[in-house]
Amino acid sequence: MTELPPVVARMWGREPGTRRGPRPRLDLATITAAAIEIADADGLAGVSMSGVAARVGVAPMALYRYVGSKDELLTIMADGAVPPPPERDGRSWRDYLVAWTRANRDLLLRRPWLLSLPGLDPPMGPRRLRWLDRALDALGDTPLGDGERFNVVTALTGYALTDATLTHRMRTGGRGLDDARITGAADYGAVLAEVLDPQAYPALSAMMRAGLLRESEGWTADADFRFGLDLLLDGVEALIARRAARPGA
């Protein structure tokens, strides 16, 4: 039997039985909830073992009985912050994956500290894996193979992450944009129209000078998110059609 990494065993309640003695004052759920509350209020930079310990009323070293390190705490937080995935409710695979990807993106925007987590670890906890399972299940009646279904969901996950990252960065701005007094896509387009050399950047310059972004409000639009998502799902639909046309499919 595979020996689980400690952090995975903790998330799944698969640790060995506790030693004899007084019943522990804490549990992993309480610690995780406290850490998430701090991150929601102060961002990921505000999360520390000492800060979480203070919130739950114990000494910092006491946390290590439940969480082996701050890295483990962040891994557990990433799973604990995730709500249940959308219900299928009889929707087609495509309609469900639209709702699933949008909910995935919106979760990241509601809790942007998730975007600051180091690395992009594959899901290991029960909550995140439930999202993966539901998306795979939505494709279960299609002729796609297991690997193809898995790759489809991976691509949609990446799209939600990329869109959420871009949207969050544009909403919060940055020093360079503030210094240039660029507050949205319309301002950005006006700057590009001014600086782009039509000979060096013929396509982009022509678009900006024609006013591509002139009527934009803010930085992002839901129509842009749906446009990209439909491109991906059109490709999935075409792949399903090809697989369905194979002899014996």
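Keep in mind that the model is predicted.

Start with the rings. Searching the whole structure turns up 2 aromatic pairs. Take Y159 and F225. Their ring centres are 5.5 Å apart and their planes stand at 25°, so this pair is stacked. The cut-off for stacked is under 30 degrees.

Where do Y159 and F225 lie? Y159 is in helix α8, residues 146-172. F225 is in helix α12, residues 222-244. The pair therefore ties together parts that are 66 residues apart in sequence. Both Y159 and F225 are buried.

The charged end of R105 sits over the F225 ring, 4.0 Å from the ring centre.

R105 takes us to helix α6, where R105 is one of the residues that meet α8. Helix α6 covers residues 93-110. How do α6 and α8 cross? Their axes come within 8 Å and cross at roughly 40°. The two helices are therefore oblique to each other. The crossing is right-handed.

Now the contacts. On the α6 side, they include L97, W100, N104 and L108. On the α8 side, they include V153, L156, A160, D163 and R171. Y159, from our stacked pair, is also among the α8 residues that meet α6.

Last stop, a loop. A45 lies between α2, residues 28-42, and α3, residues 49-56. Is A45 buried or exposed? Its relative accessibility is 80%, so A45 counts as exposed. From A45 to Q199 is 45 Å in space, C-alpha to C-alpha. In sequence, A45 and Q199 are 154 residues apart.

How values were computed: Residues are numbered from 1 along each chain as its sequence is written. This is a predicted model: local features need pLDDT of at least 70, side-chain atom pairs count only at pLDDT 80 or more; totals for chains, interfaces and linings use all residues. Side-chain values use heavy atoms; hydrogens and water are left out. Rings of Phe, Tyr and Trp (its six-membered ring) pair if their centres lie within 6.5 Å; planes under 30 degrees apart count as stacked, over 60 as edge-to-face and the rest as tilted. Helices (H or I, at least four residues) and strands (E, at least two) are DSSP runs, numbered from the N terminus. Buried means under 20% relative accessible area, exposed over 50%, partly exposed in between (1.4 Å probe, protein chains only). A charge sits over a ring if NZ of Lys or CZ of Arg is within 6 Å of the ring centre and within 35 degrees of the ring normal. Axes are lines fitted to C-alpha atoms, for helices over the stretch in contact, and angles run from 0 to 180 degrees between N-to-C directions. Angles under 35 degrees count as roughly parallel, over 145 as roughly antiparallel, 65 to 115 as roughly perpendicular and the rest as oblique. A crossing is left-handed if the near helix is turned anticlockwise from the far one by less than a right angle, and right-handed if clockwise. Contact means heavy atoms within 4.5 Å.
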